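This report goes through a single protein chain by its parts.

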Amino acid sequence: MQTKTLADPLSRHGIRKVRTICGYCGVGCAVDVLARDNRIVAIHPAWDGPANQGALCIKGQFAYDYVHHPDRLTHPLVRGRDGRFHRVSWDEALDAAAEGFLRVQAKYGRHAIYGVASGRTPSEANYLMQKFIRVAFGTNHIDNCSRA
Ligand code: SF4
């Protein structure tokens, strides 16, 4: 005997559900992203997410419009001599950042360097940031924006 099942209501409307992790902060809430035509249409909390167990804060639940915003940065930019930002490769951007750090350190000393970690990063990335600032520049000037 053949069993009849209801068609998945999401796929009937062309919506795909993708399990991922919210990228807003280091808590790491599990979310189900609902997308149609490669665009996010909703975010649902994952009931079985170990960190959130079906709950999301207001950012994780609703603030996803940045993903498709036309002003979103999608490649590195470096300010040129003309004062404008120019698209560059990641290697060029990292070289420019390194040159900037070294120029500031040479001119003003090691304590002129100050590292601020993002509240969106996990503990491991914050650890690496403080290690980099302490070892590479010899200063303890570190902080995290979550403290503000
Ligand atoms: S607490 Fe909010 S911002 Fe942080 S991971 Fe969870 S839903 Fe995202």
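Ala35 has Ile40 as its bridge partner in β3. The model is predicted, and this pair belongs to a region where strand β2, residues 30-36, and β3 run antiparallel and are joined by six bridges. Val33 is also bridged to β3, where its partner is Ile43. In the hairpin that β2 and β3 form, two residues lie between the strands, and Asp37 takes a positive phi near 55°.

On the other pairing, β1 and β2 run antiparallel and are likewise joined by six bridges. Here Lys17 stands opposite Leu34 of β2. The table lists the residue pairs named so far.

| Residue | Opposite residue | Strand named |
|---|---|---|
| Lys17 | Leu34 | β2 |

Taken together, the three strands make an open sheet in the order β1-β2-β3, with antiparallel pairing. Because β1 (16-21) and β3 (39-45) are at the edges and each has a single partner strand, one side of each is left without a neighbour in the sheet. From one strand to the next, the twist averages 30°. In a regular strand, side chains alternate between the two faces of the sheet.

How is the chain divided into domains? The domain assignment gives domain 1 as residues 14-68, domain 2 as 73-108 and domain 3 as 110-148. The centres of domain 1 and domain 3, taken over C-alpha atoms, are separated by 28 Å. Contact between these two domains involves five residues of domain 1 and five residues of domain 3. On the domain 1 side, the residues that touch domain 3 are two nonpolar and three polar, with no charged residues.

Helix α4 covers residues 123-137, which is 15 residues. From its first C-alpha to its last, α4 reaches 21 Å, close to the 21 Å expected at 1.5 Å a residue. An α-helix has 3.6 residues a turn, so residues three or four places apart point the same way. After α4 comes Gly138, with a positive phi near 70°.

Which residues surround the ligand? The shell consists of Cys22, Tyr24, Cys25, Val27, Gly28, Cys29, Asn52, Leu56, Cys57, Lys59 and Gly60. By class, seven residues of the shell around the ligand are nonpolar, three are polar and one is charged.

Conventions. Residues numbered from 1 in each chain as written. Predicted model: local features only at pLDDT ≥ 70, side-chain atom pairs only at ≥ 80, totals over all residues. Near = placed C-beta within 6 Å. Nonpolar A, V, L, I, M, F, W, Y, C, P; charged D, E, K, R; others polar. Pairing = 2+ DSSP bridges. Helix = DSSP H or I, 4+ residues; strand = E, 2+ residues; numbered from the N terminus. Axes fitted to C-alpha atoms, helices over the stretch in contact; angles between N-to-C directions. Domains from an automatic or database assignment. Contact = placed C-beta atoms within 7 Å. Expected span 1.5 Å × (residues − 1).
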